[in-house]
Amino acid sequence: MRKILLLTLPLIFLCSCQRNTNETWEDVKTAGRYIKKSVFALLGFETDESKQLASNDEFSGPQNDFIPLEDSDLKTQKFTSDVSLPQPKKSTKQLQGFAPGMDQFINPPSNLANVFRLMHFETDNHVIKEKDDLITIARIAHYLKKKPNTYLVIEGHCDQRASADYNLALGMRRAQHVRVLLTKQGVNPNQLYTVSYGKEKPVTLGNSTKDFFLNRRAQFKIYHKE
Amino acid sequence: MNVLRILFLFLSTLTFADIISVDLKTQNKSPTYLLLRVESPMHPASYIKEIQKIVQFDLQFSPFSEVIESKKTSGLDRPFWKTIGASYVVRSHIRKDSLFLEVLNVKTGALRAFLPLTLSGTLTDDRTLIHQYISDLIFAFFKVKSIHTKKILYSLRTKKEDQWISEIWVCDFDGHHAKQITFNDSYSTCAKFFPDGKSFLYVSYQNEQPKIIKAKFNEPKGEELLTLRGSQALPSISRTGREIAFISDAAGRPDLFLQYLDGQKKPLQLFSYPRATQASSSFSPDGKKIAFVSDKDGSPRIYTLNIPRNKKSFKTPKALLITKQNRQNTSPSWSPDGKKLAYSAKTKGVRQIWLYDFDKRDEKQLTFGNINMENPAWSSDNAHIVFNSENDFISELYIMNINQKKIIKITSGPGDKRFPVFEQ
């Protein structure tokens, strides 16, 4: 492996002199990935390999219901805020027993208001940082672990300053981050569903800093399955 | 292309009157004129006035028209129009209960008359007939299918008993004949036409997690299009209707997915990036590329990538950055001819509609002012876009000719109208 690298790198650098800037940069990145893999291999760490499929049969995919990207870059788990945690396979519709028109996910009743408190986010951010919010995470986790037949919808919301389409995606990240924090506290991820409303459902229509803060929130709905 | 110059004059009676001027510059900077004549009308004056407005409005929305002011009129007197430099004069003549359109070719002197349109006296019905009439005229002279008979789909948000509700609506290109399509009593948004014009997509929150629904206009409840887990949002449809792209958190992040609709293939996770949020997308007309929003480099920007055809390799495709001038670029819409991309970008603190030219590789601002504008979508004539304002929770729909500065508000009244899209 080392010999191959020692032979390959000079060749890449020589070739890059004849190519344009973008191609050179891409080659340097590729070389960097190989160096990283070889260093990890030497140190005894496992590496995630990008996968080249050998045939069309493999195209039908693994047990996933989608065909995932296989790049090792995507599996970076260095940042706790960016853990990629797949959604539950069973949809909320399937969970509720295909009962159209029935709102089986409901707002938490008043006796649980102290558990399922609203959380808030910083502008353009999806990470929960405030101590009170982290305490709420712990309380919700404690409740759900005691009640394995209780399911939670985590709604991600945004203020109105960014565009509607981007906010729908940002709300997804916010809801997903709360979900990750709850699973890290031991909650079964199949109890947790995420929904983004972006800036579609503001709780306040003002333009003050406080109004923006109130709208940048995660809120919850619960469903007790008998 | 022949330069079309049509003199725009309004006559409330047989006498000539001052012209209402609307300065709309065309691609070729050619003025557009309309001569309107009324003779022994059977309908009331107020109704005739509305008909005149419709004709005027419709002629403003041909791809090659400009209206200018003139205080001297001379009917279809060819020498007069020659001195002004007009190529054509269109006369709209209301006689008794019929509307006649005549077009004079100033250069050759040929006068072409279109079959008369019988006015019923019911404005809503006659409005639709005039749209078709003007559309036929534009096609006859420019060989371009105009937007006059095209519908616009959009979502309308209201508050009902303290709950935000959104339903899908449809209207004519001028905002009239608005009609509610979905009655789900929940949150429905982000509708898109299928190319056949008989079915459409939208995102429904009826079962909590948003899912993409495919529905027909006569059966708007529809069915979930995908069996993919998690939330689905911001769908876009290719020109052929054979692929859709959308955002889903099935893999744990808001990623861009691609689904082929012919065959049983699973959706493909098309683009993902560590610590990044992907958002709305738009297919190139040839279906080979997709423009999409990502904040992988900090602020949301628009990138394009080649849609992978070689299904044996699933490394992250290379994304090419398109929008460099502004921050917070979102909602891309690729023009039908493939030459331009309309999008929204934050400009001096206000979201405006911009245009990216793929040939010139430059970005041009289309809207100005202090009201946020979002969600541009192209019409099939490559000359008009529809978009919505976002101003203190009031949203209305606007259309504009990309070669002209004026934007025309086409909706009003209760409810926030958003995410508009033209029928193809």
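Two strands are said to pair if DSSP finds at least two bridges between them. In the predicted model described here, strand S17 (residues 278-283) of chain B meets that condition with S18(B), since 4 bridges join these antiparallel strands. Within this pairing, Ser282(B) has Ala291(B) of S18(B) as its bridge partner. S17(B) and S18(B) form a hairpin, and 5 residues lie between them. The turn of this hairpin includes Gly287(B), which has a positive phi of about 75 degrees.

S18(B) also pairs with strand S19 (residues 301-306) of chain B, in the antiparallel sense and over 6 bridges. Here Ser294(B) is placed opposite Arg301(B) in S19(B). A hairpin is formed by S18(B) and S19(B) as well, with 6 residues between the two strands. In the turn of that hairpin, Gly298(B) has a positive phi of about 120 degrees. Strand S18 (residues 289-294) of chain B is largely enclosed by the rest of the structure, because 5 of its 6 residues are buried.

Chain B as a whole contains 3 helices and 29 strands. Of its 424 residues, 60% are buried. The accessible surface of chain B is about 17400 Å², and carbon and sulfur atoms account for 49% of that surface. Among the contacts in chain B with a separation of 6 or more, 46% are between residues 24 or more positions apart.

An open sheet in chain B is formed by 4 strands in the order S8-S7-S6-S29, with antiparallel pairing. Strand S8 (179-180) and strand S29 (416-422) of chain B are the edge strands, each pairing on one side only. Strand S7 (residues 163-172) of chain B pairs with S8(B) over 2 bridges in the antiparallel sense. In this pairing, Lys179(B) in S8(B) is the bridge partner of Val170(B).

Chain B also forms an interface with chain A. The size of an interface is often given as the accessible area lost when the parts come together. Between chain A and chain B, the buried area is about 5800 Å², and 55% of it comes from carbon and sulfur atoms. Contact involves 65 residues of chain A and 66 residues of chain B. There are 5 salt bridges between the two chains. The side chains of Glu200(A) and Arg418(B) meet in a salt bridge, with an N to O distance of 2.7 Å. Across the interface of chain A and chain B, 25 residue pairs are in polar contact. On the side of chain A that touches chain B, at least two residues each come from helix H3 (56-59), helix H4 (92-95), helix H6 (164-184) and strand S3 (192-198) of chain A. H6(A) gives the most to this side, with 9 residues.

Key
Residues numbered from 1 in each chain as written. Chains lettered and ligands numbered in written order. Predicted model: local features only at pLDDT ≥ 70, side-chain atom pairs only at ≥ 80, totals over all residues. Heavy atoms only, no water. Buried < 20%, exposed > 50% of the residue type's maximum accessible area, 1.4 Å probe, protein only. Contact = heavy atoms within 4.5 Å. Areas by Shrake-Rupley, 256 points an atom, 1.4 Å probe, with all protein chains shown as cover. Buried area = accessible area lost by both parts, 1.4 Å probe. Salt bridge = Lys/Arg side-chain N within 4 Å of Asp/Glu carboxyl O. Polar contact = N/O pair within 3.5 Å; in protein donor to acceptor, adjacent residues only side chain to side chain.
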